[in-house]
Amino acid sequence: MKALLLVDIQNDFLPGGALAVPDGDAVIPVANRLAERFDLVVASQDWHAANHGSFASQHPGHAVGDVVDLHGLDQILWPDHCVQGGAGAAFAADLHADRIEHVVRKGQNPDVDSYSAFFDNGHRVDTSLDDYLRLQEVDALVILGLALDYCVKYTAIDARRLSYDTTVVLEGTRAVNLSPGDADAAIAEMTEAGVAVIHESELNGASVGAPRTGDR
Ligand code: VGL
Ligand code: ZN
């Protein structure tokens with residue numbers, strides 16, 4: 001079966017948030033629309049310890065955007081964001097979160113970042129999302145959320161590696177674009193990895209989960 005995976009649709013990634021993704025709130029109506037069409041909706045939540053090593057605040061002498069070595073991995077430094085339990089870490093208020101059946105939280109370990117909803121950036125520890133999806137007999141994922149050039153990209157590429165039929169819906173995602181061109185590069189990388197990157201209109205028909213029965 002096919003599930004919808006909503007990546008990090010959290011206040012800190014919306015305009016006005018700590019790590020605002022330009023036009024990030026535009027993904028919310030798309031997420032809400034698609035959530036009505038899937039039998040299973042799951043979500044990831046960036047969920048950092050307050051002293052997380054991806055925060056520039058933890059690296060005196062460094063600024064947001066610098067790249068440092070974090071226990072052997074290149075790490076872009078970000079503003080403090082999505083601190084566990086904080087308002088910035090909450091799902092966007094307009095997101096129909098009542099449709100979400102299962103949430104995986106990532107990025108708790110201060111020593112390693114976790115862009116993918118499946119693994120930390122060192123691919124050492126998994127979030128248990130794969131186990132959960134297999135138990136639900138999910139074999140195909142439609143992915144959207146924030147941000148296209150980080151968490152959506154790494155989640156989609158890992159999903160392919162884990163052999164899910166994987167689709168990313170362009171209207172449902174926006175990029176940070178630290179460098180102009182990052183969005184296009186992310187789309188190219190995902191496509192190269194076997195991810196179908198499509199428009200929402202192309203989701204019609206056989207490729208989407210059957211309409212939910214019972215309430216419509
Ligand atoms: C993300 C940067 C840092 C994301 C999370 O959700 O794309 N990006 N933490
Ligand atoms: Zn983060």
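Colleague: What makes up the lining of the second largest cavity, by class?

Modeller: By class there are 3 nonpolar, 2 polar and 2 charged residues. Ala, Val, Leu, Ile, Met, Phe, Trp, Tyr, Cys and Pro count as nonpolar, Asp, Glu, Lys and Arg as charged, and the others, Gly among them, as polar. The lining residues are L70, L73, D74, Q75, V112, D113 and N121. Do keep in mind that this is a predicted model, where local features need pLDDT of at least 70, side-chain atom pairs count only at pLDDT 80 or more, and totals for chains, interfaces and linings use all residues. Residues are numbered from 1 along each chain as its sequence is written, and side-chain values use heavy atoms, with hydrogens and water left out.

Colleague: Why is that space called a cavity?

Modeller: On a 1 Å grid over the protein atoms alone, a cavity is a set of points where a 1.4 Å probe fits but cannot get out, and lining residues have an atom within 4 Å of a point. The second largest cavity holds about 40 Å³, a volume being the space filled by probe spheres set on the points.

Colleague: Why is P110 called partly exposed?

Modeller: Its relative accessibility is 27%. Buried means under 20% relative accessible area and exposed over 50%, with partly exposed in between (1.4 Å probe, protein chains only). P110 therefore counts as partly exposed.

Colleague: Which residues does P110 touch?

Modeller: Leaving aside residues up to four places away in sequence, P110 touches A49, N51, H52, G53 and L70, where contact means heavy atoms within 4.5 Å. P110 and G53 are 57 residues apart in sequence, yet 5.1 Å apart in space, C-alpha to C-alpha.

How values were computed: Chains are lettered from A and ligands numbered from 1 in the order in which they are written. On a 1 Å grid over the protein atoms alone, a cavity is a set of points where a 1.4 Å probe fits but cannot get out, and a pocket is an open set with protein on both sides within 12 Å along at least five of seven lines; lining residues have an atom within 4 Å of a point.
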